[in-house]
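Thanks for coming. I will go through one structure today, a piece at a time.

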Amino acid sequence: MIQPEKIIIADDHPLFRQALLGTLKAKLTYTTWLEAETIEELNQQLTAHNDSDLLLLDLNIPGAHGFNTLIHVRNHFPQIPVVIVSAHEDHDTISKAMEYGAAGFVPKSTPVNDIYAAIVAVLSGNIWLPASFEQSQGNNSKSNVAERVASLTQQQYRILMMFAQGMLNKQIAYDLNVSEATIKAHATAIFRKLDVRNRTQAVITIAQLNLSEATF
């Protein structure tokens with residue numbers, strides 16, 4: 001993985017933030033870490049550094065109201081993937097965070113090495129969720145495949161079909177005349193809608209329906 005240039009961490013608990021940064025800085029030695037303890041500080045960081053590679057966001061940062069901050073960031077800075085880092089790890093909170101556009105959800109009880117793994121996964125364009133959440137989802141994951149595929153936009157569906165053909169992000173970006181970062185953003189949205197973590201799982205999911213581009 002190419003190391004990210006900038007990551008914003010928005011959390012008002014200095015002990016947790018410093019413990020997390022202490023480990024991550026050792027692994028991501030070339031990354032600039034930008035910190036925010038309030039919504040106001042977060043907005044300043046996002047405005048000044050809208051080229052950041054990732055945002056680690058605590059839902060309960062002072063000034064936040066539920067999922068409003070996540071929704072605001074996804075609407076105004078869609079190029080920056082968001083990983084929620086939260087003390088709340090109930091099924092409903094995780095589901096809503098993913099529904100509102102998070103690329104990953106990391107409970108604060110997660111070991112730091114797993115938090116690093118989550119960051120690597122999301123920066124690679126994949127989704128990261130706690131294993132316990134994925135297991136609870138497994139029982140009904142096949143029942144609404146068609147509905148999830150139908151929720152894709154036409155552009156997302158087209159990119160998904162290109163994934164199925166084995167095309168690389170760079171090739172897809174060239175064919176669609178957009179940036180590779182745009183393809184990664186679409187990929188994250190596709191994985192979230194299909195409830196999968198990566199390309200392979202996405203392709204396996206649509207294979208269940210025997211889809212082709214002509215059916216859209």
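Where does aspartate 195 lie? Aspartate 195 sits in the loop between H10 and helix H11 (199-207). Helices here (H or I, at least four residues) and strands (E, at least two) are DSSP runs, numbered from the N terminus. Phi of aspartate 195 is near 60°, a positive value in a residue other than glycine. Its relative accessible area is 35%, so aspartate 195 is partly exposed. For these words, buried means under 20% relative accessible area, exposed over 50%, and partly exposed in between, with a 1.4 Å probe and protein chains only.

Before going on, some ground rules. This is a predicted model, where local features need pLDDT of at least 70 and side-chain atom pairs count only at pLDDT 80 or more, while totals for chains, interfaces and linings use all residues. Residues are numbered from 1 along each chain as its sequence is written, and side-chain values use heavy atoms, with hydrogens and water left out.

Asparagine 177 also has a phi near 60°, positive in a residue other than glycine. Asparagine 177 is in the loop between helix H9 (169-176) and helix H10 (180-194), and with 70% relative accessibility it counts as exposed.

Now the sheet. Five strands form an open sheet in the order S2-S1-S3-S4-S5, with parallel pairing; two strands pair if DSSP finds at least two bridges between them. Strand S2 (32-36) and strand S5 (104-107) are at the edges with a single partner strand each, so one side of each has no neighbour in the sheet. From one strand to the next, the twist averages 20°. S4 and S5 pair in the parallel sense over four bridges, and valine 83 stands opposite glycine 104 in S5.

Helix H1 (residues 14-27) packs on this sheet and touches strand S1 (6-10), S2, S3 and S4, its direction making about 170° with that of S2. H2 lies across S1, S2 and S3, at about 145° to S2. Axes are lines fitted to C-alpha atoms, for helices over the stretch in contact, and angles run from 0 to 180 degrees between N-to-C directions. Contact means heavy atoms within 4.5 Å.

Next, helix H3 (residues 68-76). Which of its residues are buried? They are Thr69, Leu70, Val73 and Arg74. These cover an arc of only 130° around the axis, which puts them on the same side of H3; the arc is that of the directions from the helix axis to the C-beta atoms. Asn75 and His76, on the other side of H3, are exposed. The buried residues of H3 pack against helix H2 (39-48), strand S3 (54-57), strand S4 (82-86) and helix H4 (91-99).

Last, salt bridges: a side-chain nitrogen of Lys or Arg within 4 Å of a carboxyl oxygen of Asp or Glu. The count by this rule is six. In one of them, aspartate 11 meets lysine 108, with the closest N and O atoms 2.8 Å apart. Aspartate 11 is in the loop between S1 and H1 and lysine 108 in the loop between S5 and helix H5 (112-123), so the pair ties together parts 97 residues apart in sequence. Aspartate 58 also forms a salt bridge with lysine 108, at 3.1 Å between the closest N and O atoms.
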